[in-house]
Amino acid sequence: MPDVIQQLDEQALVWIAEHVRCAVLDPFMELYTQLGNTGMLFIALGVLMLFFKPTRRAGLSALCAMLIGFIVVNLTIKPLVSRPRPWLAIENFVNLVPEHDPNSFPSGHTNAAFAFALAVCMSAPKKWMKAAAVAMAAVMGLSRLYVGVHFPSDVLAGAAIGSLCGLAGAWVVRKGWERIQARPQAPK
């Protein structure tokens, strides 16, 4: 990471730890960020959406988007960049939750959340579903900063990559949906 970005990231994260963290928010942010482990919260929501015809396409789009995001971020970018986590880079910095992956860039939790959100925005039938998905993604990204396991640029990159993966997942499912519907029906 370029030195100027690293310095800004460190300053922002220390400021969050010193001025935003509080006893009231700590339990909520710790729980919410851990619900994002392995994409658990968003995978569960995507699977749940598959059970209802009006949200089936959105659920499939979200799951496809998160799979694309996992491949792009966790299997490709993170190992290549190998940026150390904040507590490894900032002396005496305290993170609030354990994190076993030593690689910080980009945020996988934020990637999954935004992949889910953008896929839902492209496919869900109701505006409230779209708004809820985006709000949940934004809170996931903020929670990663709050608990101190990512730098701001990690979260921004995760959100950007996740958004692109969300669009890609929705596109793949839309094309598949169109192909299935264009197939001639077998006589009964």
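**View 1. Pro 106 lies in the loop between α5 and α6.** The model shown is predicted. The peptide bond joining Phe 105 and Pro 106 is cis. Its omega is about -15°. Asn 92 also belongs to the loop between α5 and α6. Phi of Asn 92 is near 65°, a positive value in a residue other than glycine. Asn 92 counts as exposed because its relative accessible area, 71%, is over the 50% cut-off.

**View 2. Ser 107 sits in the loop between α5 (86–89) and α6 (108–123).** Its relative accessibility is 0%, so Ser 107 counts as buried. Two side-chain polar contacts are shown here. One links Ser 107 to the side chain of Thr 110, at 2.8 Å. The other runs between the side chains of Ser 107 and His 150, at 3.5 Å. Setting aside residues up to four places away in sequence, Ser 107 touches Arg 144, His 150, Asp 154, Val 155 and Gly 158.

**View 3. Thr 33 is a residue of helix α2 (residues 26–35).** Is Thr 33 buried or exposed? Thr 33 is buried, because its relative accessible area of 0% is under the 20% cut-off. Which side chain makes a polar contact with that of Thr 33? The partner is Ser 143, at 3.1 Å. Beyond its neighbours within four places in sequence, Thr 33 is in contact with Val 97, His 109, Met 140, Ser 143, Arg 144 and Val 147.

**View 4. The largest nonpolar core has 24 residues.** Those with the most contacts inside it are Phe 42, Ala 62, Met 66, Phe 116 and Val 120. Five helices each supply at least two residues of this core: α3, α4 (56–81), α6, α7 (127–146) and α8 (152–182). The helix that gives the most is α6, with 7 residues. A second core is separate and has 7 residues. Its members include Ile 16, Ile 90, Leu 145 and Val 155.

**View 5. Phe 42 is one of the residues with the most contacts inside the largest nonpolar core.** Apart from its neighbours within four places in sequence, Phe 42 is in contact with Tyr 32, Met 66, Ala 113, Phe 116, Met 136 and Met 140. Met 66 and Phe 116 are themselves on the list of residues with the most contacts in that core. Met 140 is also in contact with Thr 33.

**View 6. Cys 165 is part of helix α8.** Its relative accessible area is 5%; this is under 20%, so Cys 165 counts as buried. Neighbours within four places in sequence aside, Cys 165 is in contact with Ala 65, Ile 68, Gly 69, Val 72, Asn 111 and Ala 115. Ala 112 lies 53 residues from Cys 165 along the chain. The C-alpha atoms of these two residues are separated by 8.8 Å.

**View 7. A nonpolar patch on the surface is formed by Ile 43, Val 47, Leu 48, Phe 51 and Phe 52.** Together these residues have about 480 Å² of accessible area. Leu 48 is in helix α3 (residues 40–50).

**View 8. Ser 82 is located in the loop between α4 and α5.** Phi of Ser 82 is near 50°. That is a positive value in a residue other than glycine. Ser 82 has 40% relative accessibility, so Ser 82 counts as partly exposed.

**View 9. The chain as a whole has 8 helices and 0 strands.** Its pattern along the sequence is α-α-α-α-α-α-α-α. The C-alpha trace spans about 70 × 35 × 25 Å along its principal axes. Of the 188 residues, 43% are buried. Among contacts with a separation of 6 or more, 78% are between residues 24 or more positions apart. The accessible surface comes to about 10,300 Å². Carbon and sulfur atoms account for 69% of that surface.

Key:
Residues numbered from 1 in each chain as written. Predicted model: local features only at pLDDT ≥ 70, side-chain atom pairs only at ≥ 80, totals over all residues. Heavy atoms only, no water. Helix = DSSP H or I, 4+ residues; strand = E, 2+ residues; numbered from the N terminus. Buried < 20%, exposed > 50% of the residue type's maximum accessible area, 1.4 Å probe, protein only. Polar contact = N/O pair within 3.5 Å; in protein donor to acceptor, adjacent residues only side chain to side chain. Contact = heavy atoms within 4.5 Å. Patch = residues over 30% accessible without salt bridge, like charges linked within 9 Å, V, L, I, M, F, W, Y side chains within 5 Å. Areas by Shrake-Rupley, 256 points an atom, 1.4 Å probe, with all protein chains shown as cover. Salt bridge = Lys/Arg side-chain N within 4 Å of Asp/Glu carboxyl O. Core = buried A, V, L, I, M, F, W, Y, C linked by side-chain atoms within 4.5 Å.
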